[in-house]
Number of protein chains: 2
Amino acid sequence: MQDANSFVGVFDSGLGGISVLKSLVSELPHEQFSFFGDSLNSPYGDREPDDIVALSRAIVERQLDAGAKAVVIACNTATAAAAATLRNEYPNVPIIGVEPALKPAVQAFPQGRILVMATAATLALEKYQRLEEHWSGQAEVIPVACVGLVDLIERGDVESHEIRELIERHVGTYRDTVDAVVLGCTHYPFVRKVIRDVVGDVPFFDGGAGTARQLRTVLTARGLLAPQEAMGGVRFSSSKPGEEELTLYRRFYDINLET
Amino acid sequence: MQDANSFVGVFDSGLGGISVLKSLVSELPHEQFSFFGDSLNSPYGDREPDDIVALSRAIVERQLDAGAKAVVIACNTATAAAAATLRNEYPNVPIIGVEPALKPAVQAFPQGRILVMATAATLALEKYQRLEEHWSGQAEVIPVACVGLVDLIERGDVESHEIRELIERHVGTYRDTVDAVVLGCTHYPFVRKVIRDVVGDVPFFDGGAGTARQLRTVLTARGLLAPQEAMGGVRFSSSKPGEEELTLYRRFYDINLET
């Protein structure tokens, strides 16, 4: 039986979901969050859908066994590939996903040019295709698969020359020609500064804040919101063994994403 | 040229959008909102799509001429029928719509039974059909066209025997058999108490809070958010002449929807 005093499970194919976790903690400071990074199997963005479903299922199962009252899939690729399946397999637990924030970007810049940066897997999945189809009549949507970017971020360096070169190669051609950028992968907010340098000083949209508010709505509806007097908190675990990985997670958690 | 000190236009086919307006004011207390109720042409829910587009266009045009920096379509039917067209016709102004909150309802109750109450026009439009198609694999979605309900609410009485009977007739059969109710028409939050009496004490989802947060995101992205020191405010106007109608709007604005 789920309980308001239980924790919320959060996972990603690696440490990208920590950008979402920061939004969750900011929106719901009384909740306990247990973050699991599947860094051993990262990146999901190059994998086949079935494979992503299997990896996600194993994580959700473990988080539910441990007593999670809700699960946040803090990964765009895993959400697009696995969220619907997992909701059908675990009907008693709220499963919240994250998706490219195309809607607010198009609403802010109707008929504008919107650059969507995401993994190859996310862009190839039907869920994203439908989202793009829905909004592409109202703006020029430019999807770019940023192959290799998650890999570099997983190494822990978010400002290296290599990262700058890769971003330049993927989206350099759009410098000063787009109205807004949608970060369609939870890893990318950690390199937002570099992307801004390359693309130009335009508004950025990511799914973190929206996901956090969805979680609040869902927990409230189910009477699962932690009591106001509860001490919130965050704990980290990873499929990659060793203290080093967890230190990396904590370092990413401390990065200020507001600037 | 749009200006942060300008106002936000808000409109509905009548006074239902005042439920959204309350969410907007609560989320963005420094903004000036100009609400227009098209009570003369209410309800939109029984009209043809082309007709709804023409009525909505005329209102948006007037609000933009008056200097609105953004427009909120506080009507599910007008959003589904006209939002995409209007965004293409007025590419320089953010146009925010409202839609049935199916997503949070399904995320909260995967595999649950979700009752969606809306106008006949909203349920018939492609936009809603696609939304339902997307979520119906993950829950049992039960759409009910509540014909006549907007008409009764427009008369200003939200607790009459007639309203109770109409709601009973439309959704009485679902008493204590659904997990959640989606209010897919902005008029319906004003009769939530009666719906709860009829359907049972389950969570209700409406689009007001989500729309308010979208507006905040969009104004922020475009640098159009009112300054913190600005005095926010609300003014009302209506296509129905006479002070009586505006008095009705103000009375509805004062109804507490939280309980």
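Author: We start with helix H1 of chain A, residues 18-27. Which of its residues are buried? They are Ile18(A), Ser19(A), Val20(A), Leu21(A), Ser23(A) and Leu24(A). These buried residues pack against strands and helices of chain A. The strands are S1 (8-12), S2 (32-37), S3 (70-73) and S9 (233-238). The helices are H10 (208-221) and H11 (243-253).

Keep in mind that this is a predicted model. Chain A has a mean pLDDT of 94. In that chain, 99% of residues reach 70 or more. The model as a whole scores ipTM 0.80 and pTM 0.89.

Now turn to chain B and its sheet. Chain B holds an open sheet of 5 strands, paired in parallel. The strand order is S4-S3-S1-S2-S9. S4 (95-96) and S9 (233-238) of chain B are the edge strands, and each pairs on one side only.

One more residue of chain B is worth a stop. His170(B) sits in helix H8, residues 161-171. Is His170(B) buried or exposed? His170(B) counts as buried because its relative accessible area is 19%, and the cut-off is under 20%. Leaving out residues up to four places away in sequence, His170(B) touches Val144(B), Ala145(B), Cys146(B) and Val147(B).

Notes:
Residues numbered from 1 in each chain as written. Chains lettered and ligands numbered in written order. Predicted model: local features only at pLDDT ≥ 70, side-chain atom pairs only at ≥ 80, totals over all residues. Heavy atoms only, no water. Pairing = 2+ DSSP bridges. Helix = DSSP H or I, 4+ residues; strand = E, 2+ residues; numbered from the N terminus. pLDDT = per-residue confidence, 0-100. Buried < 20%, exposed > 50% of the residue type's maximum accessible area, 1.4 Å probe, protein only. Contact = heavy atoms within 4.5 Å.
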